[in-house]
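Hi everyone, thanks for coming.

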Amino acid sequence: MAVAWPAAAAPLSEAQQAAVQSAILGTLKDPDSARFSAMSAAPQSTGEIIVCGTINAKNEMGGYGGPAPFYGKLYADGQFYLTQLADGVAEASNVIARCDQLGAKIDQ
């Protein structure tokens, strides 16, 4: 199995940010309430871009649950696939650690 070593972090274009946000908004109970943090991106040797960040949105109770980290892959065709949106402290720690490993550190 080949290992994809991360490259240096790189900024996302507005179109790339929109693709990431659109994919994530489709998974939320209240997408209109979503507040994204700055995203971090790390191109991989495989050609995809790892994108990490946080989002805060209202939950089913109508309140904000606090920033939840996420990560996924952005492909050359502009499609973003969400790998994980943390739900809870343990998952948040795992997502943050995974983003660090992939070179797309989440600022907190």
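Let's begin with Glu 60, which you'll find in the loop between β3 and β4. Is Glu 60 buried or exposed? With a relative accessibility of 59%, Glu 60 counts as exposed, because the cut-off for that word is over 50%. Now look across to Gly 72. Glu 60 and Gly 72 are 12 residues apart along the chain, and their C-alpha atoms are separated by 24 Å. Before I go on, please remember that this is a predicted model, and every value I quote is computed from it.

From that loop, let's step back into β3 itself, which covers residues 49-56. How many of the residues of β3 are buried? The answer is 8 of the 8, so this strand is largely enclosed by the rest of the structure.

Who are the partners of β3? Let me take them one by one. Strand β1, residues 35-36, runs antiparallel to β3 and is joined to it by 2 bridges. If you want a landmark there, find Arg 35, which stands opposite Asn 56 in β3. Next comes β2, which pairs with β3 in the antiparallel sense over 4 bridges. Here the landmark is Pro 43, standing opposite Ile 49 in β3. And then there is β4: β3 and β4 are also antiparallel, and they pair over 7 bridges. In that pairing, Gly 53 has Phe 70 of β4 as its bridge partner.

Let's stay a moment with β2 and β3, as they make a hairpin with 5 residues between them. In the turn, Gly 47 has a positive phi of about 105°. Gln 44 also has its place in the loop between β2 and β3. Gln 44 is buried, with a relative accessible area of 7%. What does its side chain sit beside? A polar atom of the Gln 44 side chain lies 2.9 Å from the backbone oxygen of Ala 42.

Now on to β4, residues 68-74. This strand is mostly covered, with 6 of its 7 residues buried. On from β4 we reach strand β5, residues 80-85, which runs antiparallel to β4 and is joined to it by 5 bridges.

Next, salt bridges. How many does a search of the whole structure find? It finds 2. One of them is between Glu 48 and Lys 73, where the closest N and O atoms are 3.8 Å apart. Glu 48 is in the loop between β2 and β3, and Lys 73 is in β4, so this pair ties together parts that are 25 residues apart in sequence. Glu 48 is buried, with a relative accessible area of 14%, whereas Lys 73 is partly exposed at 30%. There is also a salt bridge where the side chains of Asp 100 and Lys 105 meet, at 4.0 Å from N to O. In this pair, Asp 100 counts as partly exposed at 37% relative accessibility, and Lys 105 counts as exposed at 51%.

Last stop, the empty space. Rolling a probe the size of a water molecule over the atoms shows where empty space is left. The largest pocket holds about 480 Å³ of space. Which residues lie nearest its centre? They are Ala 57, Asn 59, Ala 68, Ala 86 and Asp 87, out of a lining of 20 residues. The elements giving two or more residues to that lining are β3, β4 and α2, which is 89-102. By type, the lining residues divide into 10 nonpolar, 6 polar and 4 charged.

Technical notes:
Residues are numbered from 1 along each chain as its sequence is written. This is a predicted model: local features need pLDDT of at least 70, side-chain atom pairs count only at pLDDT 80 or more; totals for chains, interfaces and linings use all residues. Side-chain values use heavy atoms; hydrogens and water are left out. Buried means under 20% relative accessible area, exposed over 50%, partly exposed in between (1.4 Å probe, protein chains only). Two strands pair if DSSP finds at least two bridges between them. A polar contact is a pair of N or O atoms within 3.5 Å; within protein, one must be able to donate a hydrogen and the other to accept it, and residues adjacent in sequence count only if both atoms are side-chain atoms. On a 1 Å grid over the protein atoms alone, a cavity is a set of points where a 1.4 Å probe fits but cannot get out, and a pocket is an open set with protein on both sides within 12 Å along at least five of seven lines; lining residues have an atom within 4 Å of a point. Grid points are joined across faces, edges and corners, and a volume is the space filled by probe spheres set on the points. Ala, Val, Leu, Ile, Met, Phe, Trp, Tyr, Cys and Pro count as nonpolar, Asp, Glu, Lys and Arg as charged, and the others, Gly among them, as polar.
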